[in-house]
Structure formats: structure tokens, C-alpha cells
Amino acid sequence: MNEDVMDFTMWQVAYAYIFIIIILVIFRFKKIPREKLLIISVLRMTIQLIIVGYILVYVLKNPHPLITVSIVFIMLGFAVFNVYQRTKATIKIDIKKIIALAMFVGISINLIFFMLVVLQLDPWYEPQYFIPLSGMIIGKTMTGVSLGVNNLLNGMKGQKEKIEGALMLGASPKVASKSIINEAYDQAMLPTINAMVGMGIIFLPGMMTGQIIAGQSPITAVKYQLSVMLGVAGTVSITVLIFLHLAYKVFFNERQQFILTKRDISKDNLPVKYE
Amino acid sequence: MFQLDNVQVKNVFTIKSLLLKEPVISIEGQSGSGKSTLLRLLNNLDDPAAGIIKLNSRNITELPACELRRKVVMAPQNPVMFDGSIRENLYMGLRLSGQQAASDEALKEMLDRLRLEKSLDININDLSGGEKQRIALGRVLLMKQANVLLLDEPTSELDNKTTDHVLSQFLTIARKHEQQVIMVTHDKHVSEKFADNVINMDTYSGQHGGE
């Protein structure tokens, strides 16, 4: 560890919790019913970070490919589960499978390229780099995919007439859904693009800040930050694209009928229920 | 030419046998008699509970869905408009079905025939309901590759005078392109004046239906 790094005691960390007490007082004063949520969030964060801190201490001391890969897969699993939870509408099992597949394929391909070609890690499973950088990429991709899922579902439900109107004129399901797919992709990419635009002017990114605090040269920190952001942008883009180009098909049957407007004539002549 | 055999929509209608062969067919019936549902079946948007629908002697389930809808295009009761100008909305049918876009001249001629004195560049949201309905009619009429045009209440938002003009222009062009027109209407006057055959869906209502 760099000797110039300022020592940081547990007491100092404890002082930071005063901010939470201030927020709780404001909540009470303003009668905002979010106290329980805030306390649970803070507790979860504290416990999760302490556990992960100790795990990382062990993993960094005992580097092993199986451990590194397992941790990345666990992170990926939690990310997939988180996307399910973040989706406001009920999602069909088909969509859930596609979310998992897209995240697994998109993230794996990009992580392999990023670790082996961009960072050229030696050994390739070096946990000091592999785990935190994978975490960043997986986290940002999770946000992008969540936005993609929500926008696709909302678009399909909100623009039923337009989609069916396009089918009536002979459009294929892909063509009929094109504007919704593009809009969902656009919305999913927006946070990443905004982050790239604001980076360095509006804010210093977390990783770069961390490296500078840890005593690293700002130029080295910038190099890492640039590579990671490009990796994030590529991963979000590819993962969301894979998801959207598979998921729109769930809304159509093999006769290319749009299931959100198709009438279940054999039963009650009402639209088929989606959820 | 469509042929329906024992086509059933539960609690709505049963059509034992029906041949749709005339160039202009009007479909009438009370609300809930299944007029729009019949058009949706012909456009392959829904499947019947039972029965077979044939187009030129081929079961429509054997035809690729997209190909069928490019031959049998439909304009729904509430005209669907896409973001953009009149121009984009007029040639949207051609674009969506993978055809070449029409020239501005052809689009302007279509507007004239539909009695719409508007610039092609006007935003579609600036049009009234009746004007949008005519744009939707022009859109399907530009799709010359289609053999059958399905129209669901195509003149519900037009006055009598405009209805007569627009429909006579529409049917003249459709005849020229040798396209069959099957339209749902509640307007007896439209059926009497323009249709070669009138089908009353009330005669097919219920589980037993009619011939």
C-alpha cells in the first residue's frame, strides 16, 4: 500500500454515519415515510461491504482462477436477479431467460476481451484487477439492461395499435417493433453516454477518485478510467442489443400475430392475457 | 378470393360456408356481431376457434404470415398514424412491406383524389380525424401489390358528400389495380351504393350460424 495514503480509522468511518442521522431527522421533521427503507439500505450496504472487504482480502492473498471466475459469476447472477426485481411490470419467463442469456453472453465476451486484450492481465485471473473491474462493468450493464427491459415492455404495451397497424400492412414483427427497439436501446445507453460526456468536467469518476486517493498518479488513473468506460459502453451496448433483438420476438407467435392484441377467440373473444 | 368453411368464433359467430368473390363486399351487422373480428381473421391477426379460411384455394395458415398480409392489407377502424409528415404516413405501407417508396407526384395525386388539399410536409398530428382516415385509405391504396383491401369502417368520420367522393375514387383505383375490397360498414347507404354483395353478420350469430 502507498505510504502517502492517509490513515482512516473505524471511528472516522463511524462519523460518516452522522449524515444518515441527519437524513433521518429530516425525514421525521418532514414526515417522509422512508426511515425504514433508509435504515435497511444503510445496514445492507454496511454488512455487504464489510463481508466483501474480508472476502477480497482473502482472495487477493490467495489468487486462483476458479475463485476469480466464481466470484464474477456470482456477481453476474445477482445482477440478473436485480434486473428482474427492477422491472416494474411482471415479466414472462421467456423474457427472464433472455435477460439472463443476454447478460451472460454480452458480459462474458466483453470481459474476456477487456481483461485479455485491453488490460493484458498476467496471470489472466489476477483478482486485484479482474474482480473490481468486472464488478464495475457488470453493475453498469445491469442498469442499462434494466432500462432496456422497462422501455421495451412499456413500448410494446403503450404502442400496441401502432405495432398491429404495421403488421396489417405487411410488416414483419421485426420491422413493426423497430421504433420501440431503437427507443429502448437509446434509453438504455443514455446514462452511459451522459456519464462519458460529464466525466472530468462535472464529476470525477469513482474509480479515478479512488486511485488518486490511494496515491496513484492521476494520469494512470485516467488511463484506467478511459479503458473501463469504453469497456462499459461496449458491454452495455452489446448486452442490450442482444436482449432487445431476442426479446421482441416473445411478443409475437409463430403466425406473426401480436400477442398483446390477439384475441383468444376459442375462449371469450378477449385479448390474450400477457402476464 | 376468400373461402370460409365452418369458421367459428365462440359466442360470436359460426360461418358454415361463405365465399367472398365479388369485387366490392360490404359487411354489416349489429355491434358485437363479429364484423371487425372477421376482418382480423382474414388478415391473420387472430385465429378462429375452429374452421378453415382459404385464400385462392390455399389454407391461410399454410401461407407465410407476412406474405399473406402483403396480399391482404387492412386499414383498422381507428386509423393508425405514425410520427412524421403526411408524406411519411402515406408511403408507410409501402415501406413497412418492403416496397419502393412512391414519388411525391404519386402521393400528391392520391391526396387530390381523396380531396385533401394539404402539403405533404404537414405533420400528421395537425390533421383532423376525418383527414387521418383518408390518409389511412390512401396508404393502403398505394400498395398496388395487394390483392385484397380490408377496410374497417373506412368512412365513419366523413360526411355523406365526402364519403361518396372518397369511396368512389377509392373503388375506381382498386378496380383498376384489380383489387378486391372487403369493408365493414354500418352505413346502409354505402353498402347500397358501392357494394356488389352485402354480408349481414347477424345471420351467422351464435353457435349454429348460417349458410
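1. Chain B has an open sheet of five strands, ordered β6-β7-β8-β3-β9, with parallel pairing. At the edges sit β6 (72-75) and β9 (197-200) of chain B, each pairing on one side only. Going from one strand to the next, the twist averages 20°. Bear in mind that this is a predicted model.

2. A quick reminder on what pairing involves: strands of a sheet pair through backbone hydrogen bonds, either parallel or antiparallel.

3. Now for one pair in that sheet. In chain B, β7 (residues 148-152) and β8 (residues 180-184) run parallel to each other and pair over five bridges. If you want a spot to look at, take B:Asp152: the bridge partner in β8(B) is B:Val184.

4. Then there's the helix packed across these strands. Helix α1 of chain B, residues 35-42, lies across β3 (24-28), β6, β7 and β8 of chain B. Relative to β7(B), helix α1 of chain B runs at about 150°.

5. Over to chain A, where A:Thr68 belongs to helix α4 (residues 65-86). Is A:Thr68 buried or exposed? With 23 other C-beta atoms within 10 Å, A:Thr68 is buried, because 20 or more is the cut-off for that label.

6. What does A:Thr68 touch, leaving aside residues up to four places away in sequence? The contacts are A:Tyr125, A:Pro127, A:Phe130 and A:Ile131. As for A:Leu204, 136 residues from A:Thr68 along the chain, the two C-alpha atoms are separated by 28 Å.

Methods:
Residues are numbered from 1 along each chain as its sequence is written. Chains are lettered from A and ligands numbered from 1 in the order in which they are written. This is a predicted model: local features need pLDDT of at least 70, side-chain atom pairs count only at pLDDT 80 or more; totals for chains, interfaces and linings use all residues. Two strands pair if DSSP finds at least two bridges between them. Helices (H or I, at least four residues) and strands (E, at least two) are DSSP runs, numbered from the N terminus. Axes are lines fitted to C-alpha atoms, for helices over the stretch in contact, and angles run from 0 to 180 degrees between N-to-C directions. Two residues are in contact if their C-beta atoms, placed from the backbone, lie within 7 Å. A residue is buried if 20 or more other C-beta atoms lie within 10 Å of its own, exposed if 12 or fewer, and partly exposed in between; C-beta atoms are placed from the backbone.
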